[in-house]
Structure formats: structure tokens, C-alpha cells
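I opened this entry to record what I looked up in the structure, feature by feature. Each note keeps the cut-offs beside the values.

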Amino acid sequence: MTALVSCVSALTAGVPFWVAAGMATLVVTVRPNRRWWMSVVVAALGGLVFWPIGVAVVAGSTVGVLALKLGGGSLRRGVLLVRRGRRALVGGTRPHAAKAKLRKLLRVEDDEFELAGPAATYWVASWAQADPAVLWRATAELVRGFLLWDWPVATGPQVEMRLLRLAMNESAALVISRLVAVAAAVSLVVLTGSLQPGALFGWSLPAWSAAVPAALTTWSLTRRTATKTPPITGSVLLTVASFILYGWLTLWLFGCALAVVPPARFAYTKMSERLLSARRYRPSLGALEGWPRARETWTAARMAFEDKRYRIAERLWAQLAGDDGISPRIRSQAAAACAHVALTSGRIQAAVRAAEQARDLATGVHPVPPPILGTRGRVLLAAGDTDCATKILAEAVKTRSQRRNPLVLAAHAQALAMSGADTESTLVALGKSTRGLLRAGNLEQLIETELAVVSVLAEREPSQAMEERLLELLSLADISADLQIAHEQIKRLEPTIGRVHLLLGRLQLDRAKPGTAAHNLRAAINALNDPSDGFEQSIARIVLGCSLNRTNAGKGLPELTAGTRQLESLRGQLALGRYRRDLTIRHDSVYRAALDALARIQEVDDRSGLIALELVESLKRNALADTLRQENRDHSDSVKDLRRRIEALEASDHDQRQADELARLHEELATELSAEFAAAYLPEAVDVSRLRSAVGDSHALIYLVDLAEGVLSGHVVWLSPAGRATTSRIRIDDANLLEVVDVGRPERRYEVLLTSQSDPEEVRRWSGLAAALLPQALRAELVKTVEARNLIVVPGSVLAALPWPALRLEDGRLLLESASIQIVPALAVLTRTAPVPAPGPIVTYLDAEVSSGREEAALELLHHERVTSRDELLDALHRSKPSGAYIALHGDGVGLKQHLLFHDGGRISAATALTLDWPSWVVFAACFVGHVPGDRGEEPLGLPISCVLGGASAVIGGIVGVGDVAAGRLAPETVRRIVEGKHPAAALREAQLGYVRSKRRTPPPAYWAGFVCISRTVASA
């Protein structure tokens, strides 16, 4: 603009064209905000040519300075933003890419300025580039932001301004309803011919004045507080004055006013409910959908739902969903309504089943009815599948009907807060989620969105700032003063306000303010009293117990007990292991806090240890124990077909195409098996007394640990033979110790395991691991014991590949010398009944590439049946009833892909092993096949588990790369002792101990500690 003014002014004054063009070029080249120090020079040169040019340059510089100050808050910040904007757009960045880059650069971690006006700041940074496309977009967004207060920037929605806009909308609704009511009353007076002149002390009043009393009465009776504080005094005075003026006509005038007041108040109530609070979602059909019979059933179900007779409503909608005589569109919507009822009642598993039925019924229906999308998204979010829920809810809120559903909008905000997207993208999405509040949201949605914003920012912003934002939400007294919210509308906001109290209490507990946190958490528990808010209520109870425990080590146990049991009862409803695992990950910080508090309480109250045992065992709970207990080894036809196809592909070596097909079949089989496990799963609470009985006189260790960012942290619960349980914290950040645990670095880990344990550095390493992983009291007891004790370990995923026997106690002895170690996925799979071995021979397979002559000689002394190929091994397991199995060959993989590799290229994977009948014990002299990771509700799949499901009670296998020589000596010796009647865990210990003691120096763990025993039966002490 400055250049244009300069050029036009120069030409007007008769300055030669080339001089005017040169001045314009110079002005553009040295824009003040890019070369601010040259603005004086340019102004001086322009003034010499023609004085308006100098004025234009000075004016342009002044405008630039003002823009920098207003947009940035200060001149210094404005220059900083210009620099960032220029850096974002250097190199000819396209406009849409420039927008994203500018957003990131306008807010950085080391920014010392408050980002007060994000849209204005974005405009200043865009204006600094002199790029018309970018500047036009920035200007459009700035104008739109001021008109609708929708700022598309990565700071989330501005609650204060949107709340002000909401108040203005509500006030406008009230004024409009009152004006319409006044107009209706006056129209009624006019249409009935009631306009008559009045008289006062001989003075005649015009006829139109008769409408004034009706208008004033209507205006008075339609104000906000008319129902609470009726305008009695004003009404009496107005009646008297009107009677004096118009006589008995006053009664008709007041009748006209009273006739229009109820409809006006009803209309205002509905509009304010829409703007302020709206939890009243009712499943409904479209106006033209369904046959009369279907509509009658639907109406009856909806009426039952509104009366909170949820069982009746669910049964009626279930009838519609199962009626083959109506269209799939209506049936799918009826199934979605069943899911909504179940979710409202707090029955998550029933909601999952109904949502899946709605999805299946909607297959082929185009477009998919929006209620199905919204309900499925809410159900999946409650079940823990955040990623899938976020995608579905994002599609749902694009439809008009679901934008009006407050439950879907609240779920969308929660899903965005919990999604794994980066913070900036999440905040932008949250800002968009509350655009157009007049049509797509209300006060409840605004609070839910602000909750989600605080949840996202809590990890990177100071806790005090987040606490202040939540306190602003809780100041409903101020909001009520502005919006005049009715009491019943405040009651509908209670669950949302309860979630505010919950998040505020957690933030205050993190800031070491347990007293204030406890106050807010009690308020959250009282507000979250709906069955659908069960998860939040249970978390509030747990955090309240942690807060009370911070103030007094002996307090908090009742709250922790009630909260953990309620949370695990809700999570335990879910039959699918993936959902149970996802919910565990979502609430990981809550579980850790509960175990920390229980560990502190046990110093005062022994009962806390049993509560911790109940909790960690519940977190390990899966369908494996139920499947074994039911002894149902029959599978569905689809599982059998997949297994046959996998077995056929594994019969010989295969090319890349067949390898891809095999991987796909394994994935399909995993999905089918998850469904079968889900069908067998029983949502039973953990029975601690049964666990204590199953463990008997053994020690049991249940680990709940995670390895992240170079730190292994978590808890271990130790159940002693006396039945007492204690909780200990675990934290390992020593890189030397983690080299043994971290399976993500296999080369370095194997290098450590190949180092002799007689080396002083290795002694310190393994002693440090024992001190970190084993409770101190247990170590002290093992040091004092003379005879070996039985130790049952539930390691979880992180510690599943740890060579436990190689740990060193304080007296320098190996853990192997003091304990017989057996691994189980969960204590629930244990049984006291040992299987009776079959009278048949031992089936043996020795691969020529790994077996040794010593191994063959040792097995020749046993009653065995030698097989020499994969087909012969499969035939022997199918045909005969062997007493045991000894298989020596290469192994690798995890899960259903874990396999034994034969020398001819064939293999037996965990998937194929599911088809076989396994003997009571199996010894795999093979690498890695004993590694069974599985944690937090996941089904522990692998070769050992397939063998257990096929009838085996104990499986021995390698968890590291086992040396052929050591395996050829240890494995046959273990088999010999099993044949003599030893428990497999005790037999493995004796073989390992004999090998270690036969050496002058303690050999590397890879030679002897790489085998583990996974056993359902407990070895005697």
C-alpha cells in the first residue's frame, strides 16, 4: 500500500515514471518490518523527490509498529513473531503448509511471552511475509474469529469468551421469547376487538392504550425469576391502575396476557436447556422410518427408557433388532439403542455386544445411520479402544443429529484428550469440536472440552495454571449469576462437574496438597453417582484413598479397597482381552498410585497386602484359567480350518508369498482365538483364599512392571507360605542391570549372558538385580533356609525372559541354590491336582544340527520312541499316548508365530501345536520357546501355552539362545529326573545345579540358566 501511494503521488506531481517506479521498488524491498532501520533512509529519499512519499513511508512504518505491538503484545514480541513467521515461510512454502508451520513456531517451549491473542499473532506473522495468499487466509480467520469466536490455533477453545457468547445467546433467547409473547398478547387483544378508549379524571385515552396493560403484564410474567419470585406487588398495582382506566375490560386484557405466558415460558425453557445443559438423549427413529408395528414397539421402548425402566426398554429394542421381518436399517438402530441402554446402566460388556450387533446389521446399509456411529464410538471409548473410538466419533460429529447429541460430543472431547496424537493437533481438534455452540453444543460440552484441554496440557504446563483453569470451571456461582441457570439444569451438569472435581483433585495431589485434593475428590464421588460414571467414581475413590494416605499412613484402606474392587469389577466385565488390556494401560497411573498407597499402609495394617495381591492378580486375569478349568478343548470350525491351513503351509520350506500368507493366517487365528477365549471368560472376582490354597507352602511373586525411557519401575507382591502378602516398589535405572532385562537389545543382552558369573563385575550385576527385584524379607528368608524352597513367579511381559536362577543373594549364593523356580502366567492357572502320566514311552526328536552323541546316549537309557521327522512327530502325538516328550531343535518367535524349526524347512508353530494332544510334560531343548510374554489381561499365547491347552501340565523351554553343548547335557538330565518322579521344576533345578557345581568357576547364565519351567502344578517344598 505504501508503495502504491508513493508511486501514484510521484506520478501526480509530475515526477518521471522511472523515478516513481524505482521509489516503489525500494519501498517494497526495504519494508519497515523487514529492514526497519532503513525506513528513515527511505523516508528521507522519498521526501527529497516528493514529500507525500516520505509521509507514506512514515505512515506505513507507524502502522507496522502498531500491528506488531497489538498482535504481539509488545514491540519486542512482535518482532520475534515476524522472525518466526519469516523462518516458517522461507523457501516459497505453500499457503496451507505455511499455516501449519506458523502455528508450531508461534508457540515454543522456551517462549517467555504469554500467547494472549493467537489469531492476531498469526495474522501479524502472516502479514510480515508480504504473501497475499497467506495474508488473505489469516485475515479471513481473524475476521471469522471475532465474529464467531472460533480461533483455529493450537491453544484449545477460549472458555471465557465462549461462555460469554453462550450467555449472550441465552439472554437473546429470553428477550426474543418475551418480545414474541408481548406481540402475541397485543395481537390477541387487537384481533378480539378489545381496543377501547380509557378515561382518567375526565381525560380520554386512545383506544390503542388498552393493549399496554396486556403487554406490561406479559413482559412481567415472562422474566427469568417469575416462577421463583412472582411479581405480586407489581401485578396488584397494575391491575388496580388498569381497572381504574378500563373497568371490567381489565379481566379480558389480563386473560390475553395469561394465555400467551405458558407457551412463551415453555419455549424459553427448551431453548435454555438446549444452550446450557442437555443430557436427555433419547434413541429415536426418523419421521418416515419403520412400519407401524415397529414404530409402536419403538415408542413403547422409548417411553420405558424415559421412565428409567431400562430392562423393559432394552428387551423391546432387542425384539426389534432380532426381527427379520423389518429392514436392516431399523434393526441396526434398535441394536444401537440396546447398546445405549446397557452403557447407561453401566453394563459395558452388554453394550459392546449390542454395538457389534448394530455394526453387523448395518453392513450394506448406506449411509450408516448416525446413531450407530455415535453409540459405537461411545461404547468403544468406554471399553478402552481409544484409537478406534476417536475415528468413529470424528465421523459421527460430522452429522447433524450427532452434533446435537451431548453424549457424543462429550465422548468426542474425551477421546481427543486420550488419543495418541500430538498435543498441537489435539488442541486444534478440540477447538473445532466446540465451534458453533448455538447449533452443536452447550455449557456441558464446553466444560467437557475444557476438561479435555486441561488433560492434554497437564503434562507440559505448570500444574498451578491448570488448577486455576479448573477452579474457574467450578465457579458455577458466577456462571449462574451470568446465565441464571435453573437448579434442575445445574443437577444435569453434576456428572460433568464431578469430572472437573476429579481432575482437580488429581492435580492437587500431584502438587502435594492432599487435604484440598480430598475435598474435591469427595465432591467428585458424590456427583458421579450415575451407573454410566462407574469408572470415574472408582478412580475418584482410589485417588481419595491415596490422598488420605498422604496425610496419615494408616488411613485410606477402605477407600482404596472399594475403589480398586469397583474398577476391576467394571474392567472385568469385558470378555475380550484386548479391551481389558487397553483399560489397564489407560488407568496405569491410578493402579500405580493405589499400589504405592497400599505399600505405605502395610506398615500399619497387614490387610493392605492382600488387597494388593487381589489387585495385581486381577490385572493379570485372563481367559486361560477359565479355559483350563472348563476342560473344553473343542474349537470352532473356523479355528479348525485356519489351523489346518497353517499346518499345511508349515509342512515344508516356503517362499515369500507363502510366508506372507502364513503371517495373515496367524493374525486371523489370533482374532478367532480371542473370540473363543472371550466366550470362555468368566467375569469373576479374584478369590484370595483360593489363591493362597493353590500356592500352599510355596512363595509366590507377582510382578507388575514396565520398562520405559531407560527405567524399569512398578511393584511386586510377595505371598509367603504363611498366607501373608506384602507389596514392594521396584525401580531400576542402572543401565548395567537393564542390559539383562531389555529384550529390545538382543545382541548386548546375549553378550552379557555369555559372560562368566565369577567375574566381579557380573557378581555385582546379578546381586544388584536380585536386590532390586526380590523383596528384602524374601531374600533374608532364602539366605537362612537350608533346603530349597519352591518359588512361583508371575513375571509379566517385561521379566518373562529373565534368567531367574542366575540372581545372586546377599550371601553370594545363586537363587538356584535356594529355590526351585516355576513360571506361571497368573496364579489362577495353578492347580493342586497333578496329572497321572500316561504309561506309554517318551516321544523324542533330536535334530541332527543341534543334538550331540552324549544327548542321544542319555536318552537311550530311557524308555522312549524315537521319531526322525516332523510328520512322524505329529503322528506320534496324535496316535500314541506318550508319558512325555523331548524335542531338541531350533526355536524362535513369540505368540502364535513361536515355532520349532526342523532341518528340512518344516516347522511346528504355536498355532499348529493347538491341534495336538500333548503328554503331561514336555521338554523343548530349543532356544526362545519358553518365552511367553503376556500381561494385563492379554491372553498369553505361545508354544508352552498351546501345550498346556493340549493337556500338558508342565513345559520346559529356553528363554535365551541356549548353547547346544549345555542343552545337550541339561535337558536329558532333567528328563531323567522327571522319569524318576521329580516335579519338572525341581528336576530342572537339580540338573542346573549339578551342571554349575561341576564347573570350577560359575559358568555364564546362557549355558545353564536359559531354561524355565512353566507349570500348572505346584512343586512341593
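The model is predicted, and I took local features at pLDDT of at least 70 and side-chain atom pairs at pLDDT 80 or more, while totals for chains, interfaces and linings use all residues. Residues are numbered from 1 along each chain as its sequence is written, and side-chain values use heavy atoms, with hydrogens and water left out.

**Entry 1: backbone angles and burial**

I looked up Phe-928, which is not a glycine and yet has a positive phi of about 70 degrees. Phe-928 sits in the loop between β14 (921-925) and α46, where helices (H or I, at least four residues) and strands (E, at least two) are DSSP runs numbered from the N terminus. With a relative accessible area of 33%, Phe-928 is partly exposed.

Ala-512, another non-glycine residue, has a positive phi near 60 degrees. I found Ala-512 in the loop between α27 and α28, and its relative accessible area of 60% makes it exposed.

Is Ser-953 buried or exposed? Ser-953 is buried, at a relative accessible area of 10%, and belongs to the loop between α46 (943-949) and β15 (954-958). Leaving aside residues up to four places away in sequence, Ser-953 touches Pro-835, Ser-920, Ile-1014, Ser-1015, Arg-1016 and Thr-1017, contact being heavy atoms within 4.5 Å.

Arg-492, in helix α26 (residues 487-492), is buried with a relative accessible area of 15%. I noted that Arg-492 and Glu-444 are 48 residues apart in sequence, and that their C-alpha atoms are 8.8 Å apart in space.

**Entry 2: helix packing**

Axes are lines fitted to C-alpha atoms, for helices over the stretch in contact, and angles run from 0 to 180 degrees between N-to-C directions. Helix α24 (residues 463-474) packs with helix α27 (residues 494-510) at an angle of about 155 degrees, the axes being 10 Å apart. The two helices α24 and α27 are therefore roughly antiparallel, a label for angles over 145 degrees, with under 35 roughly parallel, 65 to 115 roughly perpendicular and the rest oblique. On the α24 side, the contact residues include Met-466, Leu-470 and Leu-474, and on the α27 side they include Ile-497, Val-500 and Leu-507. By class, the residues of this contact are ten nonpolar, two polar and one charged, where Ala, Val, Leu, Ile, Met, Phe, Trp, Tyr, Cys and Pro count as nonpolar, Asp, Glu, Lys and Arg as charged, and the others, Gly among them, as polar.

I then turned to α27 and helix α28 (residues 514-527), which pack at an angle of about 160 degrees with axes 8 Å apart. That angle makes α27 roughly antiparallel to α28. Among the residues that meet are Gly-498, His-501 and Gly-505 of α27, and Ala-517, Asn-520 and Ala-524 of α28. This contact of α27 with α28 has ten nonpolar, six polar and one charged residues.

**Entry 3: a sheet**

In what order do the three strands of the open sheet lie? The order is β11-β12-β13, with antiparallel pairing, and two strands pair if DSSP finds at least two bridges between them. The edge strands, β11 (890-892) and β13 (907-909), each pair on one side only. From one strand to the next, the twist averages 20 degrees. β11 pairs with strand β12 (residues 899-901) over three bridges in the antiparallel sense, and Asp-892 stands opposite His-899 in β12.

How values were computed
Buried means under 20% relative accessible area, exposed over 50%, partly exposed in between (1.4 Å probe, protein chains only).
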